[in-house]
Amino acid sequence: MTTTDIDPNAPLRDDIRLMGNLLGDTLRQQVGQALYDKVEAIRVLGKQARDGNETANQQLNQLLSALTDDELLPVARAFTQFLNLANIAEQYHQVRRHRAWECTDNAPAQFGSIRELFPRLARQAISPEALWQAVQQLDVELVLTAHPTEISRRTLIQKYDDIAECLETLDYVRLTPVERQTELARLKHHIIAAWRTDEIRRLRPTPVDEAKWGFTTIEQTLWYTIPQFLREFDDAIFEHTGQHLPLTQAPIRFASWMGGDRDGNPNVTHVVTEEVLLLSRWQAAELYWRDIDALRAELSMEDCTPALRAMVGEQCREPYRELLRQVRDRLALTRDWITARLRGELLDHAGIYHHVSELMQPLLLCYDSLVACNMYDIANDELSNIIRRVACFGLELLKLDIRQESGRHADAVAAITDYLKLGNYHDWDESQRQRFLLSELNNPRPLLPRQLHATADAPINAEPVKEVLATFNMLAQQPAGALGAYVISMAKQPSDVLAVMLLQKEAEVPHPMRVVPLFETLADLDNAPACLDALLSIAWYKNAINGHQEIMIGYSDSAKDAGFLTANWAQYRAQEGLTAIAEKHGVQLTLFHGRGGSISRGGAPTHQALLSQPPKSVQGKIRVTEQGEMIRFKFGMKGIAMRNLELYAAATLEATLLPPPAVKPEWRELMARMTQTSLAVYKETVRDEPEFIRYLRTVTPELELQMLPLGSRPARRHMTGGIESLRAIPWVFAWTQVRLMLPAWLGTGRALNTAMDDGFTPVIRDMREHWPYFQTLLDMLEMVLAKSDSAIAAYYEVHLTDDPALHALGELLRARLEKTVGILLNVIERQELLELSPILQRAITVRTPYILPLHMLQAELMRRRRESVEASTRYDHALMVTIAGIAAGLRNTG
């Protein structure tokens, strides 16, 4: 019996210990024995402090406070590097455990997998025909986004991938002693390379930099994982339905906001968006070129069908190679044409690929020929992988969404009405706006002359208006396949949607983008069903959308407005109402979930989140954002990417075929009561507490986040004002860094406690046991409370301020946090948090000796930075490293 048989986590501990030792060797070599000794002393004290040794905690504080300015950065880097290495080990261990599970004789299928779901569906009387129909309609689109909290550099991510590859080789390949030593030397080499690589950007990334980061995720993992996932998915489908998934069907696809999201980001201009669109097409052409070049070398056979022979000529001895040579050359021509465009050159575009069908057709011709000539196994190897990639990624790699705030469109339309002397659009009520917009949408003539004659100070010549109009003109020049949805943030009324449709018409966009209103504030979520009802009651609009409507649900701003519990319930009710309205009008609805990594921004395990949606709200179609560091956690390693793709597919099918139960009236009534209580507590703290903003800016790194180059997007919509102007992401990020996690729990504890005091404990128990939505809500609250730490929050307070008023507020908030923990344990009827999640509980415990020093270092850096008048920037690098390290240790940022 092996150690693994006794303790399945032993290999993980071995990996962490191995890499910790190699990191220690690296520190001794690179920074010297003296600093290594200090790092080791800090680690030991951190472990003792975690176990409740107050003397060790005091010694740790003294040791960190005594560090010189020059020592702060390498110490911060040492602990951050260890946490990153621990993350790599944990991610790889997930792959290891999944493989072990798959290799175990007679092991049941893993929960949430396709092979676990399909038999369960059959037991629930879902027929093979119903399953096949659901599979045919399956449409999951994952939208990659970048945010101010995304920290890791692409260069370092590649080195982390190399480290993971070493762990895999050491784990699974039978190595001789010499080979093992060689592989260990490679692992050490990669750890040293990571140490010698600056993990933090010195300059704020541009939107183009962020887009390239997204391309890297596709190139390094998803490019290979998608065909593998579809192959296994198809095998399971055939086993249970007798039908094969067509090679050209892509049940999971990808889009992006990186380079297209201009809401509040002045750095995303029409020029930047066009560059990103070109770069995305270039990357796709390059990846396909590599694939086709390799495939051409493989397909040397002569036998082919008459159809293929007709394409290459009778004299051709290697027909597949000849046809693929033509494809490869055309890809090279496409790539070169895009390169020239990026340099500002205008070349003849004859011969380049314009439509995905042009690339797909010769590949299918090769496939059909190989199958017809009794070479099915060859056809279903790399050729089928490429066909599946073309179906998923198209010619554009990632379809680009455009997002802009509704007010910008209103300003553009107002400038147009001003220019035409039709009045002030801003002064019109909603019915007047709709009449004007519909009249012009039905009018075949252009609204504006091609040559404008207006004074320099006219509204039509205002830079923001010119940029909006230039964006639509740029979109009109793009291939239809390159573009996704046009998302309108802060959407409130039907005219917001009609305005974008008119601006597309005016720019003569040949294939208009579908227009997606984003409802995100509490008031807008409450009004969303009425807004959709009004839209679908407009005959012109209903005819224009061809029976399909997409709506985006925002999770961030509503939580910042009203707190986690109130916002979460508002989002649920909005989805219920939107689903009912779409059904009433006979329109198919796709809900687009703008989720983030943190709980207060909608973050939840994929499978659990999808199964907790309202009944009938999924219907085989869903869009979800994957934000910031969650992209790397979910798709940065091939084995984990496979698991997450499967979870999305399985959960979407299950939510469609086995929807959750309808909400009982007593559940709905209690949720309404609890959210009223929660909202009142949240507002009295965040809005009415006079010292709250000062506490936020003094005790958390909120101000520092605005100054550090963490993302292309400013941390604030406006540079003045309170939390109203602060974006939801850095708002959550700031509280996460000090471990108070306030946005995720404030008000929820009192709401639950009041409900129990009022005699609703049986209803709460019923909700907990029979309502997936409420189960998920409690699970997410439990997880975030387990990651909170009131002692760490208190350390920031003591270290950064001696103001009695701020200390009093901090004591109040920390007391509420502790009380919320007790209330939740009472609700879930357990003795301690994460009692049923020992793996996560252990991960948090193991990380504490490494995260605790980073918190204390961060507080020290914030103090020195704020007290330094002339050289505050000298601390920025180390401060960013602590931010990155804490985010890595907690496995989420904002």
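## Helix H15

The expected span of a helix is 1.5 Å times one less than its number of residues, where helices (H or I, at least four residues) are DSSP runs numbered from the N terminus, as are strands (E, at least two). Helix H15 covers residues 376–393, so its 18 residues should span 26 Å; the C-alpha atoms at its ends sit 24 Å apart, which agrees. H15 does have a kink of about 50°, centred on leucine 383 (the bend at a residue is the angle between axes fitted to the seven residues ending there and the seven starting there).

What about burial? Buried means under 20% relative accessible area, exposed over 50%, and partly exposed in between (1.4 Å probe, protein chains only). With 13 of its 18 residues buried, H15 is largely enclosed by the rest of the structure. Just after H15 comes glycine 394, with a positive phi of about 60°.

## Ground rules

This is a predicted model, so local features need pLDDT of at least 70 and side-chain atom pairs count only at pLDDT 80 or more, while totals for chains, interfaces and linings use all residues. Residues are numbered from 1 along each chain as its sequence is written, and side-chain values use heavy atoms, leaving out hydrogens and water.

## Nonpolar cores

The largest nonpolar core has 154 residues, and Phe118, Phe233, Phe254 and Phe393 touch the most other members. (Such a core is a set of buried Ala, Val, Leu, Ile, Met, Phe, Trp, Tyr and Cys residues joined through side-chain atoms within 4.5 Å.) Helix H10 (residues 207–241) gives this core its largest share, 13 residues.

Leaving aside residues up to four places away in sequence, phenylalanine 118 touches Leu131, Phe233, Ala236, Ile237, His240 and Leu653, contact being heavy atoms within 4.5 Å. Another core, of 128 residues, lies apart from it, with Leu167, Leu800, Leu861 and Leu879 among its members.

## Positive phi in two loops

Lysine 421 has a positive phi near 60° despite being a residue other than glycine. Its place is in the loop between helix H16 (406–419) and helix H17 (430–441), and at 75% relative accessibility lysine 421 counts as exposed.

Glutamate 508 also isn't glycine, and its phi is positive, near 60°. Look for glutamate 508 in the loop between helix H19 (494–507) and strand S5 (514–519); its relative accessible area is 53%, so it is exposed.
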